[in-house]
Amino acid sequence: MSILTSAHARQARRRSALPAVALAVLIAAGLAFTTPGAFSAQNIVNLLNQQSSVMAVTLGQTLVILAGGFDLSVGSVVSLTTAILSLEIHPLGAFALALVAAFLVGLANAVGIVRFRIHPILMTISTMTIVQGAALLLRPIPGGTVPAGLVAYANGTLFGLPLPIYAMVVLVLLTSLLLGGTRFGLHVYAVGGSPENAALGGVRAARVVGACYVLSALFACLGGINLAARIASGDPLVGASFAIDSVAATALGGTLLSGGMGSIGGSVAGVAVLALLANGLNFWNVSTHFQMLIKGALLIAAVSAHRRAAPGL
Amino acid sequence: MTAGMASEGRTSSLVQGLRSLALTAVSVPAYPALAGLLVASAFLQPKALTLPFLLIVLRQAVPLGLVAIGQSLTMIGRSIDLSVGGVIALVNVLLAHRMFATGAPWMSFVMPLALGAAVGAVNALFIARLRASAVIITLGMSIVLVGLSYVVSGGAPGGQVNAAVRWIATGRLGLFPIAAFVWAGVALLVGLTLARLVIGRELQALGANYFAARLGGLPVGKTLLVAHVASGAIAGAAGIVLTGYIGTGTLNLGNELVLASLAAVVLGGTSFGGGRGGVLGIVAGALVITYLANLLRGMGVAQPFQLVIQGLIVAGAAGLAAHRSR
Amino acid sequence: MMMSERRSATRLSQSRTMAPLLEAVDIHKSFGSVAALVGVSLALKAGSVHAVLGENGAGKSTLMKTIAGVHAPTSGTLRFKGEAVAWRDAEAANEAGVSTIFQEFILLPNLSVAENLFLGREPRTRLGLVDRRAMIAESRLALERLGLALDPERLAGTLGVAEQQMVEIAKGVMRDADIFVFDEPTAALGDREAERLFALIRELQANGKGILYVSHRLPEIFALCDTVTVLKDGRYVDTFATEGATSDALVAAMVGRKLEQLYPPRSAHAADRQSDVVAFEGVKAPGLAGPVDFTVRSHEIVGLAGLEGHGQIEITRALFEGWRLDAGTIRFAGAPIRHDDAAGGIAAGIGLVPEDRKREGLYLSLGVDRNIAAGLLPGLSGARLAPQARAGVAEQIRRLRIRLRDPSQPIGDLSGGNQQKALLARWLLRDIRLLICEEPTRGVDIGAKAEIYALLRELADRGIPVLVTSRELPELIGLCDRLVILRDGATVGSMPAAEATEDKVMRAAIYGELG
């Protein structure tokens, strides 16, 4: 609770996003001053397009973290989804299979964590490994082709903007509405505050937490569909960085890793920070090796701001 | 009357003995799992029960076994160390670097331990002092370390490591691999520390209740520091052994040991905040995972399928642990 | 057959004439092999404040949780407004009209007051979204009706304990509950806040609600309740009308023991011949407006008395942890204290039993022996062999009569009284020169209470003084030699406990001067 900036509940939630927004603006300003080309319309569009998959995954991750959990299996779900979509079976079958697979992964996480009380880190690391294995079994090496419609979607534009950008915006708006406007959203905050108290207060806590894991897997699946469309093939390892990136973006966005406080707006800003930073480092000719190093340092810095009552996971 | 009571006492003590045996089996899933694997291999792959094969498994289990012992220290203190993979990756490219490959042999041993200890100290600073999420801090640290290993090797490692490093990893003392003695030594040291020394008691108390430990006058920050430094240094030692096996620098060595170490610890009956299995359980856990991988490979089971099985093992063991603590 | 018919007929006619709002008939509840309730019955009438009295472990909380739908009874019938009910969960009971204000608060600190008030039954707009405007407006109305000027959008976590409790009550009022269950509501309240709570309960009563009031504080029960049902060891003992009942009768029903037998006789050591062990001299510190001036002498039990939260915990922790002071000096054994953390306080010879045993005292998953021997660890180098102290631990377990299966049994399995004794044993094992005991008998049953009081007295008689805090004034007066009275983080003065009455102490604590 040390990051409380207001005694007003909704204000406190909104304000948790401020540092990320400020950081994003700062990096953007730095970019604008040092590199003239950075703010060309083309670069911005590219950036948004590139981030659409990470954004989708981060939305799901934010739900899980707000409810007091962690989902490290999202990256594997992204990989599995691209692997399934590249199986070259009937497109509808492929989509259905990908969604069902993701749903089952989410359900497994939910049951393990809620019903069997397995620690979220251990549970989702397990499913991460299992799903990674499944992705490799389906598509040992990158390749294959995805349904033609998907490629058309990735290349399609509306008013000059690529379709994935619209998809991303719609997804962000829907998730904010879900979190900020519905009972379910309020209950996500409630269980993140204290699952026991929420249950005593009339929230079906187990269902809410479980639903977050299922939604997270489905969001990861959407991210995977979007990614498969953009790379037009399957890749069993393509999602490897998504778990870390989505947690990093969520933490950067001011959501407490212990749950109960944060916002979708923050996570959007968190994704923006990661994207702008990667973009800036490219413009400034920093090697990819150093970029990795900086990303790790940023992740450490982001969570160091959230001091808890006791040290721990 | 008296005799009846005495015999009743004996039966009840027998029942109690059986119950405590069953409890141990549930508490430390590695023991029944190891027994089950040995029995199963007698049917499926009798070759896997021969001494040479078992010695190979023993040697292969050393890096994982080392990392898991270090990992267990952080987990007992309700923390976690996901940076062990990064430590091994960086140690590996450094050992293959000219400076250490051609330098004095002691440098190749001191550097990994010192590097691991330093990484652990930094982790502990963030986790204990700033009280940031241990998962994210050590994950971030891992990324930094792997990034550093790319920077050091320029993305193209290679080269030869010091002969002493190869010797400690692949050499034998009589029948037994030298590396196994290193493992046994570390296990003994950590086991005694946990069971007998003040710092071991402090770590277990801290894992059981941080606030009580702090108000009870225990040096909570220092204890977490020691746990993380030990975990880092032991990961460094695992880096030496693993590098010695392959003899050269490579990218992202040790990556899969992070998950496997969690699996070994959980199989060994330890979870976040402590447990019942002790170091012996964790040693058994590492043997189970390594033996299983070898068995599956011997049976021609594909690598991805092994991942699936490993994931199921962690989930199953963690489920048992959670069930037990309720 | 005939008999049972007739019995049920009588009960029916009874229910018509006296109209019980809620009736619990022959409730049994077991957890595994442990029977928590054995045939408990109770009838609550509308417009009645009905006390449920009993020692800790008597089954009060289990009974309340059964009525609140948290536990399903193993057997027996619950009748609500004349109809048998079987509530699936707390929410179902809530829905039906039973509002429970639990001992531990269930507000969510990260939600607003309004969100807490409407949790699980948020009003929705036609689009199916949460209607925040309606939520806030209705919350404001409900709070105002209770005389609370709280912003409905405020984070519940920023409210004080008393305010949180009021919000809990508002929740019940808003749902127009018929029955309000209060489970030891004053445990965390100061007297002023408690008065406000009582006024509210009387208002609910006047509106024809039925109120179940769980407490072991007899004065409250006499002031507030019209009926008392006494439980003991999970069994129904008796039901009294408060009018005409005496404290002694109730206590006798509760424990079969007289009140004054609880406390050991005071010290025979003359106060004027003792030396100061602790001296606070003009102390000001964070949370202590000061000046705090008092002493604790050898052979003495000193109690910190005053309203809840007026500096008691700050004083004990400033001494134990060696807080940085804004002004003044704390002397221990003659010299100003030098330590600046708990380890230092222990090294100096101070032991502390914290008020929140589970949060700050016990290692719940570790064995009783480990919990006791943990007192020997502070100050030892980490590289040393851990002291086994098996004999010492065994002796403490025997001497304090800690009931357990074997010493390595997890301490979480033990009753509150045995846990508290183990915490005391932790310090007895060490060579301490002062014991600080915050809330020595919180959550401890009466039997163990007497043992703990005797133990503290024995310590004092051996020359190890004890500094005590307690929310229960009778306990302080009965146990201590001297009371130091606090008001707003400053000391008012001190008085011999033998001359103290609850009235005198409260006056001093409220008006800030000794009579």
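Tutor: Let us begin with a definition: axes are lines fitted to C-alpha atoms, for helices over the stretch in contact, and angles run from 0 to 180 degrees between N-to-C directions. Please keep in mind throughout that this is a predicted model.

Student: At what angle do helix H6 of chain A and helix H15 of chain B pack, and how far apart are their axes?

Tutor: In general, two packed helices are described by the angle between their axes and the distance between the axes. Here H6(A), residues 120-138, and H15(B), residues 303-324, pack at about 160 degrees, and their axes are 7 Å apart. Angles over 145 degrees count as roughly antiparallel, and H6(A) and H15(B) are therefore roughly antiparallel to each other. The crossing in which H6(A) passes H15(B) is left-handed.

Student: Which residues of H6(A) and H15(B) meet?

Tutor: On the side of H6(A) they include A:Leu122, A:Met123, A:Ile130 and A:Leu137, while on the side of H15(B) they include B:Phe305, B:Val308, B:Leu312 and B:Ala315. Sorted by class, this contact has 14 nonpolar and five polar residues, with no charged ones.

Student: How do the axes of H15 and H16 of chain C cross?

Tutor: The axes of H15(C), residues 416-428, and H16(C), residues 446-461, come within 10 Å and cross at roughly 15 degrees. Angles under 35 degrees count as roughly parallel, so H15(C) and H16(C) are roughly parallel to each other. H15(C) also passes H16(C) in a left-handed crossing. Among the residues that make the contact are C:Leu424 and C:Leu428 of H15(C), together with C:Ile452 and C:Leu455 of H16(C). The residues of this contact divide into seven nonpolar, two polar and two charged.

Student: Turning to strands, which strands of chain C pair with E19(C), and in which sense, parallel or antiparallel?

Tutor: As a general idea, in a regular strand the side chains alternate between the two faces of the sheet. In this model, strand E13(C), residues 301-305, pairs with E19(C) in the parallel sense over four bridges, and C:Ala305 stands opposite C:Ile485. Strand E20(C), residues 490-496, pairs with E19(C) in the antiparallel sense over six bridges, with C:Leu486 opposite C:Thr491.

Student: How many residues lie between E19(C) and E20(C)?

Tutor: The two strands form a hairpin with two residues between them, and C:Asp488 in the turn has a positive phi of about 50 degrees.

Student: Is E19(C) mostly covered or mostly uncovered?

Tutor: E19(C), residues 482-487, is mostly covered, since five of its six residues are buried.

Key
Residues are numbered from 1 along each chain as its sequence is written. Chains are lettered from A and ligands numbered from 1 in the order in which they are written. This is a predicted model: local features need pLDDT of at least 70, side-chain atom pairs count only at pLDDT 80 or more; totals for chains, interfaces and linings use all residues. Side-chain values use heavy atoms; hydrogens and water are left out. Buried means under 20% relative accessible area, exposed over 50%, partly exposed in between (1.4 Å probe, protein chains only). Two strands pair if DSSP finds at least two bridges between them. Angles under 35 degrees count as roughly parallel, over 145 as roughly antiparallel, 65 to 115 as roughly perpendicular and the rest as oblique. A crossing is left-handed if the near helix is turned anticlockwise from the far one by less than a right angle, and right-handed if clockwise. Contact means heavy atoms within 4.5 Å. Ala, Val, Leu, Ile, Met, Phe, Trp, Tyr, Cys and Pro count as nonpolar, Asp, Glu, Lys and Arg as charged, and the others, Gly among them, as polar.
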